[in-house]
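Colleague: I'd like to learn how to read a model like this one, feature by feature. Could you take me through it?

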Amino acid sequence: MYELIKNCWLLTAPVSSDGKTWHVICMSLGMTLAITIWNGRIAPLFDVARHLLICETEGFGRNVTVLESIGLQEDTPERRIAALSAMGISAVICGGISREYEESLADAGIDMDAFVAGDVSDVIHAWETGSLRQQRFSMPGCSCPRHRYMHRRGRPGCRNPQGGHRFDR
């Protein structure tokens, strides 16, 4: 449920599959970003990540405000993506991600920057300065930072059916 109060969306939404745990955050009219975390670094695999850092930003290259860290216990793509949608997440920064989860995020209209590696604080700083696409933030084996740019609805991104890299960002 959303309610607009003083230029801020108040969101109350269930974050567990049993509907017993509710999450309340205040979001400006900007973008709500979820970053998968594990031991102070970007979690290596979105599919099994259990912690998210919820942030607010006006977009790539803009300041990030960390709102809170939450647990994410949902274990199926449908439940996990539904929880993210219910929280009003508009973009995800994560490590590796399976095709099933990648497609589920795209179907839900949630953008993603996948195959990112590094300390969370460094990744946030790179987002703010517009330098997240550098090689040093790519997971091992992902040799081209442009290969893992922010996937948008309707664009094949990293898994381009024609093969090769997309240099349209």
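Modeller: Gladly, and let's begin with pairing: two strands pair if DSSP finds at least two bridges between them. Helices (H or I, at least four residues) and strands (E, at least two) are DSSP runs, numbered from the N terminus. This is a predicted model, in which local features need pLDDT of at least 70 and side-chain atom pairs count only at pLDDT 80 or more, while totals for chains, interfaces and linings use all residues. Residues are numbered from 1 along each chain as its sequence is written, and side-chain values use heavy atoms, with hydrogens and water left out.

Colleague: Which residue in β7 is the bridge partner of Ile54?

Modeller: Glu68 is the β7 partner of Ile54. Seven bridges link β6 with strand β7 (residues 64-71), and the pairing is antiparallel. These two strands make a hairpin with six residues between them. In its turn, Gly59 has a positive phi of about 140°.

Colleague: And what does β6 do with strand β4?

Modeller: Strand β4 (residues 31-38) runs antiparallel to β6, and six bridges join them. One example is Thr36, whose bridge partner in β6 is Leu52.

Colleague: How many helices and strands does the chain have, and in what order do they run?

Modeller: The protein chain has three helices and nine strands. Read from the N terminus, the order is β-β-β-β-β-β-β-α-β-α-β-α.

Colleague: How should I read burial?

Modeller: Buried means under 20% relative accessible area, exposed means over 50%, and partly exposed is in between (1.4 Å probe, protein chains only). In this model, 48% of the 169 residues in the protein chain are buried. Strand β6 (residues 51-57) is mostly covered, with six of its seven residues buried.

Colleague: Now salt bridges, please. What is the general idea?

Modeller: Side chains of opposite charge can pair when their charged atoms come close. The rule used here asks for a side-chain nitrogen of Lys or Arg within 4 Å of a carboxyl oxygen of Asp or Glu. By that rule there are three salt bridges.

Colleague: Which residue does Arg41 pair with?

Modeller: Arg41 forms a salt bridge with Asp119, and their closest N and O atoms are 3.0 Å apart. Arg41 lies in strand β5 (residues 41-42) and Asp119 in the loop between β9 (111-113) and α3 (120-129), so the pair ties together parts that are 78 residues apart in sequence. Both ends are partly exposed: Arg41 has a relative accessible area of 38%, and Asp119 has 32%.

Colleague: What about the salt bridges of Arg62 and Asp113?

Modeller: Arg62 pairs with Glu58, with 3.3 Å between the closest N and O atoms. Arg62 is partly exposed at 45% relative accessibility, whereas Glu58 is exposed at 62%. Asp113 pairs with Arg133, the closest N and O atoms being 3.4 Å apart. This pair links distant parts of the chain, with Asp113 in strand β9 and Arg133 in the segment after α3, 20 residues apart. Asp113 counts as buried at 0% relative accessibility, and Arg133 counts as buried at 17%.

Colleague: Which residues form the negative surface patch?

Modeller: Lys and Arg count as positive and Asp and Glu as negative, while His and the chain ends are not counted. The place of a charge is NZ of Lys, CZ of Arg, CG of Asp or CD of Glu. Accessible areas come from the Shrake-Rupley method with a 1.4 Å probe, and for residues only the protein chains shown count as cover. Here, Glu78, Glu100, Glu103 and Asp107 form the negative patch. Helix α2 (residues 99-107) gives the most to the patch, with three residues. Glu100 lies in this helix and is partly exposed, with a relative accessible area of 47%.

Colleague: Which non-glycine residues have a positive phi?

Modeller: Asn39 has one of about 50°, and Phe115 has one of about 60°. Asn39 sits in the loop between β4 and β5 and is exposed, at 64% relative accessible area. Phe115 sits in the loop between β9 and α3 and counts as buried, at 17% relative accessibility.

Definitions and conventions
Patches are made of residues with over 30% relative accessible area and no salt bridge: like charges are joined within 9 Å, nonpolar side chains (Val, Leu, Ile, Met, Phe, Trp, Tyr) within 5 Å.
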